[in-house]
Amino acid sequence: MKENYYLPRSGPMPRPASVEEGREVLKGEAFPTPNVQQITFRAMEFTAVCPKTGQPDFGHVEISYVPNELCIESKSLKFYLWSYRDHGAYCESLAANIADDIVYAINPKKVVVTVYQTARGGIELETQAIREN
């Protein structure tokens, strides 16, 4: 495993090899917190794979956090979320895993991750994971 993961400063973004690589890039690209109290990202195009059927699950993710010393860089967040495209996971575990990875990357005072899964078979799903220091 590489010690430092960074994205190229220009040009096309490489495709993530795994969720683990995405998590390391998220950590490697973090930057010092400016004078802000809360940050919210909304990723409106999120895809993962159903671990039972192998079919894609579509939806969106909202990540809201109270920074401590570091912030998430948005390009690295796009890369990280893209790493789930071929990853099999239940919606409930997605919210938990993303929250845990945000804590790993920047150790915020608080993070709330909500995953909204688009309706399939007439059922929508919303899951939320909260982590606080």
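Which residues lie nearest the centre of the largest pocket? In this predicted model, they are Ala 43, Glu 45, Lys 78, Leu 81 and Trp 82.

**Figure 1. The largest pocket and its lining of 14 residues.** The volume of this pocket is about 310 Å³. Strand β2, spanning 39-49, and helix α2, spanning 74-82, each contribute at least two lining residues. The greatest contribution to the lining comes from β2, which provides seven residues. Sorted by class, the lining comprises eight nonpolar, two polar and four charged residues.

**Figure 2. The second largest pocket, with a volume of about 150 Å³.** Its lining is made up of Cys 50, Asp 57, Ala 89, Tyr 90, Cys 91, Glu 92, Gln 117, Arg 120, Ile 123 and Leu 125. Two or more of the residues lining this second largest pocket come from each of α3 (91-106), β5 (110-120) and β6 (123-132). Six residues of the lining are nonpolar, one is polar and three are charged.

**Figure 3. The largest cavity, with a volume of about 50 Å³.** The count of cavities of 30 Å³ or more comes to one. Lining the largest cavity are Phe 46, Thr 47, Ala 48, Asp 57, Phe 58, Gly 59, Cys 91, Leu 94, Val 115, Tyr 116 and Gln 117. At least two of the lining residues are supplied by each of β2, β3, α3 and β5. The lining divides into seven nonpolar residues, three polar residues and one charged residue. Asp 57, Cys 91 and Gln 117 belong to this lining and are also among the residues that line the second largest pocket.

**Figure 4. Antiparallel pairing of β5 with β3 and with β6.** Eight bridges connect β3 to β5, whereas β5 and β6 are paired over nine bridges. On the β6 side, Val 115 faces Thr 127 as its opposite residue, and Val 111 has Arg 131 as its bridge partner. A hairpin is formed by β5 and β6, with two residues between the strands. In the turn of this hairpin, Gly 121 adopts a positive phi of about 65°.

**Figure 5. The largest nonpolar core, which has 30 residues.** The residues with the most contacts inside this core are Ile 63, Tyr 65, Ile 72 and Ile 98. Two or more core residues are given by each of α1, β2, β3 (56-66), α2, α3 and β5. Helix α3 gives the most to this core, namely eight residues.

**Figure 6. The surroundings of Ile 63.** With residues up to four places away in sequence not counted, Ile 63 touches Ile 39, Thr 40, Phe 41, Leu 77, Ile 98, Ile 102, Val 111, Val 112 and Val 113. Among these neighbours, Ile 98 is, like Ile 63, one of the residues with the most contacts inside the largest nonpolar core. Val 111 is the residue whose bridge partner in β6 is Arg 131.

Technical notes
Residues are numbered from 1 along each chain as its sequence is written. This is a predicted model: local features need pLDDT of at least 70, side-chain atom pairs count only at pLDDT 80 or more; totals for chains, interfaces and linings use all residues. Side-chain values use heavy atoms; hydrogens and water are left out. On a 1 Å grid over the protein atoms alone, a cavity is a set of points where a 1.4 Å probe fits but cannot get out, and a pocket is an open set with protein on both sides within 12 Å along at least five of seven lines; lining residues have an atom within 4 Å of a point. Grid points are joined across faces, edges and corners, and a volume is the space filled by probe spheres set on the points. Helices (H or I, at least four residues) and strands (E, at least two) are DSSP runs, numbered from the N terminus. Ala, Val, Leu, Ile, Met, Phe, Trp, Tyr, Cys and Pro count as nonpolar, Asp, Glu, Lys and Arg as charged, and the others, Gly among them, as polar. Two strands pair if DSSP finds at least two bridges between them. A nonpolar core is a set of buried Ala, Val, Leu, Ile, Met, Phe, Trp, Tyr and Cys residues joined through side-chain atoms within 4.5 Å. Buried means under 20% relative accessible area, exposed over 50%, partly exposed in between (1.4 Å probe, protein chains only). Contact means heavy atoms within 4.5 Å.
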